[in-house]
Structure formats: C-alpha cells, structure tokens
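Welcome! Open your viewer, keep the selection tool handy, and let us walk through this model together.

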Amino acid sequence: MPVFLHDTMSREKRPLLPKPGREIYGMYCCGPTVYGPAHIGNFRTFTVQDVLRRTLEVGGLKVKHVRNITDVDDKTIRGAQAAGQTLGDFTKKWTEKFHADCKALGLLAPHVEPSAVVHIPQQVAMIKALVDRGHAYVAKDGSVYFKVCSCPDYGKLNHIDFSKLETQTENSAGEANDADEYERESASDFALWKSRKPEDGANFWPSPWGEGRPGWHIECSAMSLAHLGATFDLHGGGIDLCFPHHENEIAQSECATGVKGFAAHWFHSAHLMVEGEKMSKSKGNLYTLDELVAKGFSPMEVRYTLISGHYRSSLNFTMKGVDDSRSALAKLERGADRLLAAAGFTRAEFAAPVAQEVQTSWGRFAKAWEVLQDDLNIPGCLGQVFTVLAEKDEPSAEQARQDVSGLAKILFALGLELFVVKAEVAIPADVADLGARRWAAKQSKDFAAADQLRKDLATLGWTMLDRKDGYDLKKS
RNA sequence: GGCGCGGUAGCCAAGUGGUAAGGCCGGGCUCUGCAAAAGCCCCAUGCGUCGGUUCAAUUCCGACCCGCGCCUCCA
C-alpha cells in the first residue's frame with residue numbers, strides 16, 4: 001500500500017507514487033535561508049519532511065530528496081555586510097551550523113542540496129526563456145519581472161482568481177509593500193532579476209540585462225529543474241510559502257519550460273507556535289536548538305516534540321511539551337527493552353538491522369505502520385505503538401522477534417533513535433564517598449545512618465537510587 | 001474582503017454514523033527497611049454553541065461563537 005498524503009492543490013488525500021515509467025520518487029523541499037541559526041519552527045517543517053522521506057523509503061520507494069540552501073537574497077547579503085564577511089564566508093558559516101543542527105535532530109541529509117548561488121547561470125537561463133516567451137519583461141533599470149497576467153492559470157495552487165487579487169498596502173510584518181520601488185507593470189508582478197544596487201556591495205552577477213542578482217522565487221524553480229526535471233513528484237515547504245512563493249514557482253517553471261504539471265503533489269506543513277503565541281523575534285520566543293539544549297533538553301526530545309502533532313495542524317511548542325516528550329521517549333525505551341528481552345536481542349541488534357528472516361515483518365506494529373501511511377499521522381502511529389507496548393500478554397519469542405522488526409522500522413521512519421548514550425555526569429569525590437558509605441550502612445542494616453547519608457546527598461543535590469545489587473547516583 | 005486551518009479530559013493529542021487511541025500530569029495498588037525506579041489499575045455519559053438529517057452524531061448538513069494562518073518578509 002502506498003503512502004497517502006493530503007495535496008494542497010487538489011485538496012485531496014492522494015497516493016504517493018512515482019510518475020508512470022519512473023523508478024525514483026523526486027521530492028523538492030524549500031530549504032533554509034542561511035543568514036543565522038534556524039529556529040525550531042523551521043525545523044518542524046524539515047523534520048516532518050524527513051519523516052515523509054523516511055516513511056516512503058521504509059515503504060520501499062526509491063526517493064530523491066532535494067533541499068536547497070538559499071545563500072543569496074536580501075537577508076544573506078545584509079547579514080554578510082553587517083558581519084564584515086564575504087557572502088560566501090558568511091553563508092558557509094550558517095550552512096555548517098544548519099547541518100550540525102540537522103544531524104543532531106536526526107534529519108537524513110537530502111540526496112542533493114543545491115546552492116542558489118551556484119545555480120545563478122541556470123536561473124539566468126530560465127529568466128531568459130521567460131523573457132523570450134513573453135512571460136517576463138525588462139524594466140528600465142535592468143530588473144526583470146514576471147508578467148502574472150501572461151499566465152492564465154496563475155493562482156491555481158491557492159485557488160485565487162488573480163484578476164481579483166487585491167494587493168495589501170502592508171504585509172503581515174506591518175511593513176509597507178513597496179509596490180512602486182521597482183518599475184513593475186502590475187503590483188502582482190514579481191521580480192525575477194534585481195538590477196544591481198549600491199547596497200548590494202560586491203554581490204552582483206552578470207546577465208543579459210546587466211549586473212544584478214536573482215529574485216528569490218526563481219531560485220527554487222531553477223534548482224528543481226536542474227535536479228528533478230521540468231516535472232517531479234512532490235514539492236514541500238512551510239504553509240507560509242504556499243503563497244506567493246510556490247504559486248510563483250509554478251508560474252515560472254511552467255511558463256519557462258512550457259510543460260504543465262510542475263509538481264504532482266504539494267505538501268505543506270502548518271506552523272509552530274511557542275507558548276501559545278506566534279513565533280517572532282520581537283516576542284523573544286524564537287528558539288534555536290542550541291537554546292533548548294542549553295535548557296537541558298536533548299535534540300531527540302526536541303524531535304519527538306516537533307513530530308508529536310499532525311503536520312497539518314499548528315503545533316504549540318512549550319517547555320512542558322518537551323518535558324512530556326522526555327517521559328514518553330523514556331517509556332518507549334522501556335517498552336522496547338522489554339520486547340528486546342522477550343525476543344532475546346540486545347539493544348545493539350535493535351539499532352542494526354535485525355535477523356534477515358524477520359526484516360519484512362511488522363509483527364503487532366502493522367497497524368501503527370498503516371496509520372503512519374495514512375496522511376503521515378504520526379500522533380496516531382505513536383498511539384498505536386504505545387498501545388502495543390502496553391499489551392498485557394507476554395509475546396512469544398517468535399512474536400517478539402517480529403515485533404522488534406516492526407518497531408525498528410516504525411522508529412526509523414519517525415527518525416526516533418532510542419538508547420542514545422547520554423553524557424555521563426561526573427560524580428564528585430565527596431558525593432561518591434557519601435554514596436559508598438550509605439550503601440555500606442544499608443548493607444549492615446544501619447538504617448538510621450543510611451537515612452542520614454541520603455539526606456546529606458540531597459543537600460549536595462544528588463539522589464541515590466537503590467537497586468538489588470547496587471546503586472546509582474543521580475543529580476536531582 | 002479573498003483563500004485556508006482549527007476548537008476533543010488539568011495539559012498535549014489521534015479518531016469514528018453506533019456510543020471516545022495514546023502521551024504527560026494526578027490518584028490507587030504491588031514491590032521496597034526508607035526513598036525511588038518499575039509494573040499494574042483508575043482518570044471525558046463527553047468531543048465550541050444552537051438547530052437539522054438519522055433508529056443512532058462528537059463524527060453528516062446549516063447557522064453562529066471563538067482562536068489561528070496566508071494575501072507578495074517568512075519553514
């Protein structure tokens with residue numbers, strides 16, 4: 001059974017399959033603009049896309065996942081200048097930071113990660129095709145604009161009748177729309193090429209219309225064409241990109257290539273709220289991964305939180321939510337441990353592919369897999385996983401082996417890595433000494449002394465957990 | 001105004017035309033010298049409001065209320 005996913009354009013749930021005659025499922029995801037650290041809102045989208053890609057792969061599809069790096073635009077140019085760095089040095093730094101965060105969150109690297117700067121020649125070629133075909137015009141200053149009225153089905157993704165499109169006098173950030181800044185014929189037209197301005201500094205490139213730089217929308221059109229062709233299977237991004245970015249991409253790509261059906265499926269993920277409010281710099285609730293790690297959360301706990309809601313609903317990210325995720329993840333580990341024990345496997349065998357003969361088995365997790373494949377219902381899938389893990393009857397060894405196989409695949413699809421070795425907290429000598437003395441006191445049944453030593457440990461901020469054969473010291 | 005999304009227990013969150021998954025928290029029990037951990041059990045006659053359709057609606061239809069997003073900065 002293929003994965004079914006809601007498609008923004010048709011507004012229907014549709015199966016995800018490669019185009020007839022093709023082996024590879026091509027997906028393009030709008031990547032980050034590398035002018036600073038990505039925030040958790042960005043990562044919600046990238047994480048959900050990662051789960052989709054993993055789910056498709058676990059389901060047996062060969063996927064080509066393309067996610068670009070936007071390394072030339074207003075923000076990167078401004079940022080580089082403010083930092084006194086070249087654009088290349090500046091974006092390299094933030095690209096590396098992005099990669100580090102992705103890795104920590106368990107995001108699989110895309111198969112291709114094109115750079116917008118590297119693809120400027122392709123963008124110029126595409127703009128040239130648009131001008132040649134009458135879909136774009138050159139303004140007096142050498143900027144080139146897409147002529148929206150030349151594209152009759154403009155608005156089809158968002159179901160907007162563009163002839164009735166009213167342009168707001170200000171955007172949602174409260175800034176005036178500078179419709180008159182450039183010489184556009186219509187306020188709906190958008191820039192494909194921006195002529196060189198003094199404030200661009202050294203960041204300009206040659207083109208048939210003079211020096212300048214590409215507009216933002218054309219970058220994705222050119223890169224998807226270069227790496228996936230004129231038509232491909234799925235295009236993803238945050239819901240905010242649905243208009244105008246993706247609408248513009250469709251118009252540019254289809255008008256430039258003359259081929260309709262740019263992306264067969266549109267995958268948009270809803271936004272992340274923080275503590276009930278929209279994330280914004282002014283509210284100071286724009287968290288980065290580093291900030292959450294500094295609060296004591298692990299990246300895996302953050303990942304769990306980011307996927308704990310359905311991708312089409314906005315997710316309210318709270319610190320309590322990450323706390324809850326920590327507990328849930330721990331419960332998942334305990335459940336997996338029990339299953340592993342019943343199957344006679346070790347934790348190492350769980351992470352690695354388990355025995356060949358049960359590789360295709362889902363065991364009791366077939367239902368969880370089924371739910372996941374239905375519009376990427378991650379919360380529903382997790383619910384199923386916990387339900388199975390809580391089943392009272394001890395599974396037979398054979399049953400448990402199949403379950404382990406199924407659970408491993410589910411967790412791989414979700415990108416949840418269990419049993420991540422946590423950094424050992426060094427135990428101070430005095431604490432270790434108190435612990436040893438209390439254990440000795442307990443062994444000799446001197447409970448009064450043992451209780452006192454427990455209190456002493458608590459004073460130092462440590463808790464002692466007794467087991468049958470020993471004890472653990474934990475920072476409380 | 002246009003185009004969308006959503007309102008389910010203390011919190012988070014699935015789902016279904018036949019009477020509510022799961023996680024967190026909380027409570028109880030077992031175990032334990034104590035404490036914890038762990039396991040087990042309990043925890044919405046209710047699914048924004050009001051109507052309608054139906055043998056039956058949280059689920060379908062209509063109206064309304066409330067919250068949120070986008071409408072050329074945004075993942």
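**Before you start.** This is a predicted model, so to speak of local features pLDDT must be at least 70, side-chain atom pairs count only at pLDDT 80 or more, and totals for chains, interfaces and linings use all residues. Residues are numbered from 1 along each chain as its sequence is written, chains are lettered from A and ligands numbered from 1 in the order in which they are written, and side-chain values use heavy atoms, with hydrogens and water left out.

**Stop 1: the RNA.** Select RNA strand B and show what surrounds it: 55 residues, where near means that a heavy atom of the residue lies within 4 Å of the strand. Arg11, Ser188, Trp216, Gly238 and Leu241 are the closest. What share of the RNA strand B atoms within 4 Å of the protein belongs to sugar or phosphate? The share is 63%, and the rest belong to bases.

Now colour the surrounding residues by class. You will find 15 nonpolar, 23 polar and 17 charged residues; Ala, Val, Leu, Ile, Met, Phe, Trp, Tyr, Cys and Pro count as nonpolar, Asp, Glu, Lys and Arg as charged, and the others, Gly among them, as polar.

- Serine 188 has a side-chain N or O atom 3.1 Å from a base oxygen of RNA strand B.
- Aspartate 324 places a polar side-chain atom 2.4 Å from a sugar or linking oxygen of RNA strand B.
- Lysine 331 has a polar side-chain atom 2.8 Å from a phosphate oxygen of RNA strand B.

Several elements give two or more residues to this surface, including helix H1 (40–58), strand S9 (232–238) and helix H9 (319–343). Helices (H or I, at least four residues) and strands (E, at least two) are DSSP runs, numbered from the N terminus. Which element gives the most? H9 does, with seven residues.

Stop 2: Select glutamine 49 in helix H1. Glutamine 49 is buried at a relative accessible area of 1%; buried means under 20%, exposed over 50%, and partly exposed in between (1.4 Å probe, protein chains only). Setting aside residues up to four places away in sequence, glutamine 49 touches Met27, Cys29, Gly236, Gly237 and Phe267.

Then go to glycine 435 in helix H14, which is buried at 0% relative accessibility. Beyond four places in sequence, glycine 435 touches Leu457, Met464, Tyr471 and Leu473.

Stop 3: Most residues other than glycine have a negative phi, and most peptide bonds are trans. Arginine 11 is not a glycine, yet has a positive phi of about 60°, and is exposed at 53%. Lysine 445 also has a positive phi of about 60°; find lysine 445 in the loop between H14 and H15. Finish at the peptide bond from phenylalanine 243 to proline 244, which is cis, with omega near 0°.

Technical notes
A polar contact is a pair of N or O atoms within 3.5 Å; within protein, one must be able to donate a hydrogen and the other to accept it, and residues adjacent in sequence count only if both atoms are side-chain atoms. Contact means heavy atoms within 4.5 Å.
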